[in-house]
Every structure is written in C-alpha cells, then in structure tokens.
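Please read it beside the model.

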Amino acid sequence: MQNDIKWSSLPSEILSLIADNSGRDCREVKWMFVNKNWFTFFLSQAYHSISIDLNTNDKKVTKILSSSFDPGKWVRRITFMKIIPPNDMKRLDMLNDPFIQLMKQTPNVKEIQFANDRNLGYMAWTYLSVVLMRTSYWKLHVLPKSGEENLAYSAYYYLCAYHLRNTLKKSYLSVGMVGALDFGFLKEFKTLEMLELDSNLVYNLNDLHLLLRQIPSLKEIVVRFANNRIELSHEQSTEQKEHEYLNLKKLTFHNYTPKLNEDLLVFTEQFTRLNELNIVGEKSSRWPANEVSHAITDIFLDTINSLPNYEITLPGGVQSAYLIGKWLKLMKGSKQEIFLSIIYVNEDSFDHLERGRGSSVTIKACQFSSTLTLQYQIFHRDGTDSTEGRNVLENISDNVSQIEITGTVSDNTRTEMLLRKLISKEQITIKTLILSNTTFNSYSSPNSMVTVRQHIKNVTFRNCTVGINSLKAFINEFALLDYVNFDGCAFEGDLIDGGIDMLNTELGTIYMSNYRKMIAGRQYTNRIQPLVIISVYYASRDTKKYYTITENIITESNKILVDVLIPNLNSDSFVVLNIRVKSLKELILKLTDSYKKVKITF
C-alpha cells in the first residue's frame, strides 16, 4: 500500500521520541533486531554525551574500547567523574595508555568537562595537557573550566587552549595566562566564538577594546571588571568610538558601573548588533554615576528596550531610583505585562544573595516570554525595620499583573506587613499573588470592616507554613478566586475539627501538591502514599461531603465511617483535609511525587 509507514526511514524527531520512551531496559541488542537505521540512531543518542571514570572498570569505557559496533564515533561530549594519572607521565605508553586509547576510539569528541575540579585536581590537568599535546585525535571546541584559583591550573589550561587554537570555540582567560595586558596571542585563536574573562584582568572599557580588536569574530563575551577600576579619560573614551563590534551578539558585564556618558553610549554606538545584554552593577554604587546625564540614561533605556533579551541587576534603593522609575514609565506604553518579585533576604539567605552584596533590583526581558520581570532583593537584618518593600508598592506600575513576595522563614513579619499594604491598595491590574518561603501565621485583616477584593483571581502559597487562622483572615477578604494553590506547604492548627476555612469565598480550583505534615511543630514530607480523608463543606448548598483516597483511588465516604476511622488510625498513617468553602468547582491533589494527580469535581 502507498500509505504504509516506512519504519526503516522514520524521521529523527520520531525516533528520538521512541528512544526517550523506551525505558532503561531497552539495550542495543533490542534495537539491532528492529533495523539498522534504528540501531544507529539509538547509538548516536545513547553515546552523544557520556559520564565516565577513567582507569576503572567503567562499563561505557569498556564498551567503547571493545565493541565491534564502534559506539565511540558517536561521542561528542565527555564528563570525567574521576581520572587516575599514571605514575610517570614523562614516559607515557602511547600504545596502552587508557586516556590515549579512549581518544583513538572517540575521534569526534568536541567538549570535555571535569565533574569536580577539586577532586580531580592538579595531576588530572597535567595528564590532560600531556595527552592532548602528544596526540592529534581530539579537535576540541570546549575545555573544562578550572574552578581553582591556582596559577598552575591556569598554566595548564593555557597550554591546552593554545594547542587547540585552531578548533577551540569557547575559552576562559585569567590573569595567570596574560602578562601586562598583552592580548596579541588571541589573534591566533581563529575559531573562537565565546570568551569568559576572570576578574582583575580588565579594568575599564579601554582594556576591553584592546582585547576585542584581537578577535573581531567573537560572538559572546563575559567580562568581570576589576574592583579597583581605573577610569578612562574623556580622550581615551573618544578614541575607542570608531570601533564597532558587528559580530558580538551576547554581552555580559559583571561589576560594571558607568562613570561617564561614554560608558553607557558604548551599548548604543559600538555593541550595536546584540541579541542579549546582561549587566551586574557594582554593589553600593549609584547606577549610573552622577556624572552620567539623564538624557544619556534615557538613550540607554531605549536601546535595551529594543533588544530581544536583557537582564540588568543594579544596587537597590536610591542608587538606581532614576533608571528604574524611567524604565517603568517606558513600560507603561508597552503591551507587555510585568511580573513583580519582592524577595527579603538576610545573612542566611545565600541562595538568593551574593555575600555582602546588599539590596538589589533586576529588570529582565526574554524574547520567549510575553512578560517582563522586575525583581527587588531587599537585604535586612532580623529585628530591624525596612521600608523599602513598602516603597516599592507605593510606586507600582499599572501593568504589573503578578506579584510574588518571598520572605525569610526566621522573620515573617515583613511579608505579612507587605501583604497588608498590597491588599489595602486597589491595584486592579494585579491578577496573581504568590507567597513563598515564609511562615504565614500572624496575618489579620487590615480593616475592621472587611473589604471584598475583586481584582486578584489567583493565589499561591509556595513552601510556606500556613496558619489556618491567618489563612481564614486572608482568603475570606476575596469574594471570588479562580485558583488557590498550596505547593509544598504545611498547615498549623487543627485540621480535623477546625480545618481550612474559606467560607466567604467562591472558589474555582484548589490545587494541593507536595503536602507537608506538621508533627509536634515540625514539617515532614510524606514519603509514602498515605490514606487521605477529605471533608468539604459547601456553604452555598449547606452540604458536607466526605471522601477517602488510598492508592490514588477516590471513594466517596460518610461521616459515620470517618468518625470511626480517625480515632483508630496511627497519626502518621493518614492525612486529614477539612475544607469549608462558599462554593468550589474542583479539588486537585498530588500530595507526594509518587502520588498521581487526583481530581474531585463538585
């Protein structure tokens, strides 16, 4: 038949889907019995990127060295988990050395990485440099980046990079590789597309221009400006204006603050073909400096607003007040919605904050997202007051549609104070509110007479400890909510007799996932599938329904059975959810990762 499927010549997209869904037990031999095309495709997928231990009985290494199917030719990327160098690298056995044997069998490798540079250490870098420079099997595009600030590492990295100068596409440059800012050797790196510079290598834009002139074909560069920055004179800045970098598409500057007008105009006049710009300003410095005129700042904002992607992180508060205020005014004319994020951080919050950096503000746009991001990180010390978050809400833009407030677990007062401020402000554009990483247990209504809120439609609690009395005071301020989500939350209070009270609110969906049970004031993640006992009181119908869920099966129950069950069960073996609502369309539960999603429709 003409419409018969030709299984032997399926497109790679479909074969990839088949491979992804075949399971780990589907080995090469099973694919071999389908047809040659399938078997070849499987090998190319299975061996494209591999992680191995060198000098051990690693199964993949053994297969690459001994298999008649020659799987090594498909390897493009290798991550070395462990390397044990030979005792005497001056007398390397070129025929039997395991590293060289591996290189012979994997001639198409383009990138290598070290899983943990500290564990692999100095000798691994020595070994790599020796085998690379004595052979020509690998034409690498990317070398491992050393995590150690050690001149020996830098020296071996440079030796390897220079040896690969005709094939290397991505490289790293540190102080130990460059003397007296002589970047002339970079001219020999004909294929280089991306370059990352270590700190204390470039002091100002003049140094950067000296470097970029050596590799005009560069497409991406990451620059970490030195802290003791040397400022350019006006004459030096003017001297560089004639150079335009037409091939540069992505630019990342760390520790960069414009001191002169020319320091901002460079993004308009010289880096004119960018697809992405990332800037992190110097901590505690006005951005831009006072010497930069507002007119030039406005030109810079117009420039970044035309880019597909940008992320600018600046010192918070008054240090960047003009630029952020102007950006918000510009965005008012845009059709894009803004997601506002306010994150409180302290000395313990190093996941969110670079040590000693202080408060910051970030503006971000991405071509793959229809929304813009405005993020404030507000540094505080426990027990001290901060008005910065409240000031943010005072100047909120009309096109902010979502607000996320992230607190610190040890101090929840700021989050709830900010929430009261937000609730009392009729900002009708805000549709979604997210509370993250806080203890929400002391909230009370901002007014003695509760005002029914109409504009916010979606509320999410993420990784929070939620007091049921505070939840009642908060949720009951809303007449209607389309969606209430509890993700990774634990509830403080009596869930059996009291429960989750949302009697004043008409609800569309309640979604509860990754539930954490409170036992003696501490949170525990449910590691086993528990028995779930649910009661839902539907105020608008004056009815109460009971359900039990076990092994992902929902069963409608009744009060008599539930009253008998609860006293006779171990408290660790079940979860009780007692929910009271004005009305509800559906309740969706996925209490643990092992739990399937279950839905109850009302």
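**Notes on the model**

1. Cys160 is buried, at a relative accessible area of 0% (buried means under 20% relative accessible area, with a 1.4 Å probe and protein chains only). Cys489 also counts as buried, at 2% relative accessibility. Cys489 is in no disulfide, and the nearest cysteine sulfur, that of Cys464, is 5.0 Å away; a disulfide is a pair of cysteine sulfur atoms within 2.5 Å. The structure holds 0 disulfides.

2. This is a predicted model, in which local features need pLDDT of at least 70 and side-chain atom pairs count only at pLDDT 80 or more, while totals for chains, interfaces and linings use all residues. Residues are numbered from 1 along each chain as its sequence is written, and side-chain values use heavy atoms, with hydrogens and water left out.

3. In helix α15 (residues 468-475), the buried residues are Ile468, Ser470, Leu471, Phe474 and Ile475. Viewed down the axis of α15, they fall within an arc of 155 degrees, so they line one face of the helix. The arc is that of the directions from the helix axis to the C-beta atoms; helices are DSSP runs (H or I, at least four residues), as are strands (E, at least two), numbered from the N terminus.

4. The second largest cavity is lined by residues including Tyr157, Ser171, Met177 and Phe189. α7 (151-163) and β4 (170-173) each supply at least two residues of this lining.

Notes: 1 Å grid on protein atoms, 1.4 Å probe; cavity = no way out; pocket = protein on both sides within 12 Å on 5 of 7 lines; lining within 4 Å. Buried < 20%, exposed > 50% of the residue type's maximum accessible area, 1.4 Å probe, protein only.
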